[in-house]
Amino acid sequence: MNRQERTNVRITTHLLQATPKNITKAAQILRSGGNVAFPTETVYGLGACVFNDGAVRRIFVAKGRPSDNPLIVHCAEKYDVERVADISRLSPQQQALFHALYTEFCPGALTFILPKQAPVPDSVTAGLDTVAVRFPKHPVAAQLIREAGEPLVAPSANRSGYPSPTTAAHVMHDLEGRIEAVLDGGACELGIESTVVNILTNPLHILRPGSITKEDLERIAGQFELKVRVEASNEAALKAEKQKTAPRSPGMKYRHYAPKARVILVPTENEAFQQAQTIPASRIFAYTAYPQNTSIYQLSEQNLYAELRQADNDGLDAVIILVDDALRANAGLMNRLSKAAEGGSPPHT
Ligand code: TXA
Ligand code: MG
């Protein structure tokens with residue numbers, strides 16, 4: 001049976017501690033066309049060698065991910081970017097900007113949209129002529145990429161639509177029996193996915209907010225007299241892009257980051273308690289700490305996905321999130337919460 005046929009069959013998923021020996025073993029699995037999940041500083045990623053079209057396609061099957069949602073390519077060294085992105089197609093100003101952003105934020109939680117190199121398979125970019133590239137800071141991720149011998153594509157290692165994984169146990173819960181191995185490197189430091197920025201446009205577009213903020217990017221872009229804008233939705237941006245290049249592509253409306261429990265965003269403490277009264281199997285979270293009130297749990301970037309998953313494990317019907325000014329100011333968290341919540345938009349007060 002070849003790998004393509006195996007995708008519908010349960011396979012043995014090896015859970016490996018991220019020791020040097022096991023990183024070497026995981027790199028071998030990747031080189032032979034397998035899929036291995038690994039820790040990054042943001043969330044766990046599900047890796048495949050970027051130039052192995054079959055291995056890349058199996059990622060979409062394992063995750064249940066629509067094939068029109070492109071993947072991020074992960075590089076260990078700056079010069080590796082040339083293998084997947086055609087930097088020569090950037091203007092001199094864009095090249096200088098790329099280098100300045102790289103120097104400031106990489107390795108780290110920043111993903112660049114760049115012109116694609118021809119040999120990158122269409123399965124990676126969903127047929128776009130751009131490619132997303134990031135340089136993870138996590139030493140296990142960097143070492144795995146080096147030993148794999150080529151950059152690795154890695155979407156978050158969750159079942160599509162479910163909250164991203166921030167521990168190896170989350171990955172096993174979602175993907176055991178569907179991928180060859182998981183490297184366990186403990187809990188992820190940041191907890192939400194990288195900031196995605198398109199540096200090919202003026203203003204630059206933030207397609208997905210994250211821990212590197214608009215203000216962070218503006219500090220560097222400003223040196224080139226460029227502005228930065230937050231694009232309302234990456235799906236809308238991708239759809240517009242696809243209409244230019246692949247008019248027959250299907251729609252791009254996905255549900256994201258959502259547990260089975262409803263995620264309800266409320267603007268006041270009072271409303272939070274009212275909701276909790278009508279939905280007894282629920283839990284209230286706030287970004288601001290409420291040390292005196294034990295019925296309000298604290299929410300952070302680091303625990304968001306774990307808590308959404310825990311809500312399902314505990315059989316809750318709802319997670320109620322108190323959206324105060326401090327939370328509203330956190331674009332990365334608000335983006336994930338709005339998408340996880342029904343209706344898809346934050347409450348306005
Ligand atoms: O922190 C992260 O970025 C994690 C870790 C594993 O590195 N990865 C991750 O990958 O979040 P994924 O596949 O879950 O999200 C990739 C995002 C999607 O929103 C996708 O639409 C966008 O990047 N993307 C990828 N290629 C793109 C492109 N060429 N143009 C616009 N958006 C792109
Ligand atoms: Mg994802």
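This is a predicted model: local features need pLDDT of at least 70, side-chain atom pairs count only at pLDDT 80 or more; totals for chains, interfaces and linings use all residues.

Some contacts can be followed atom by atom. Threonine 42 has a side-chain N or O atom 2.7 Å from an oxygen atom of ligand 1. Arginine 208 places a polar side-chain atom 2.9 Å from an oxygen atom of the ligand. For threonine 130, a polar side-chain atom is 3.0 Å from a nitrogen atom of ligand 1. Taken alone, ligand 1 exposes 690 Å², and the protein buries 95% of that area.

S4, S6 and S10 are among the 11 strands of an open sheet with mixed pairing, in the order S1-S8-S2-S3-S7-S4-S6-S5-S9-S10-S11. In that order, S6 stands between S4 and S5. The edge strands are S1 (14-17) and S11 (228-230), and each pairs on one side only. As background, strands of a sheet pair through backbone hydrogen bonds, either parallel or antiparallel.

One pair in this sheet shows the antiparallel case: S3 (residues 45-49) and S7 (residues 152-153) are joined over two bridges. Alanine 48 has valine 153 in S7 as its bridge partner. Helix H3 (residues 53-63) lies across S3 and S7 and runs at about 155° to S3. Helix H8 (residues 168-175) also packs on the sheet, where it touches S1, S2 (36-38), S3 and S8 (181-184). The direction of H8 makes about 165° with that of S8.

Most residues other than glycine have a negative phi, and most peptide bonds are trans. Alanine 126 is not a glycine, yet its phi is positive, about 55°. Alanine 126 is in the loop between helix H6 (122-125) and S6. Asparagine 202 and proline 203 are joined by a cis peptide bond with omega of about 0°, and proline 203 is in the loop between S9 (195-198) and S10. A cis peptide bond also joins cysteine 106 and proline 107, with omega of about -5°. Proline 107 is in the loop between helix H5 (92-105) and S5 (110-115).

The chain also forms an open sheet of four strands, in the order S12-S15-S13-S14, with parallel pairing. S12 (262-266) and S14 (296-298) are at its edges with a single partner strand each, so one side of each has no neighbour in the sheet. From one strand to the next, the twist averages 35°. Within this sheet, S13 (residues 282-286) and S15 (residues 318-322) pair over five bridges, and alanine 286 stands opposite leucine 322 in S15. Helix H14 (residues 331-340) packs on the sheet and touches S12 and S15, with its direction at about 125° to that of S12.

Definitions and conventions: Residues are numbered from 1 along each chain as its sequence is written. Chains are lettered from A and ligands numbered from 1 in the order in which they are written. Side-chain values use heavy atoms; hydrogens and water are left out. A polar contact is a pair of N or O atoms within 3.5 Å; within protein, one must be able to donate a hydrogen and the other to accept it, and residues adjacent in sequence count only if both atoms are side-chain atoms. Accessible areas come from the Shrake-Rupley method with a 1.4 Å probe; for residues, only the protein chains shown count as cover. Two strands pair if DSSP finds at least two bridges between them. Axes are lines fitted to C-alpha atoms, for helices over the stretch in contact, and angles run from 0 to 180 degrees between N-to-C directions. Contact means heavy atoms within 4.5 Å.
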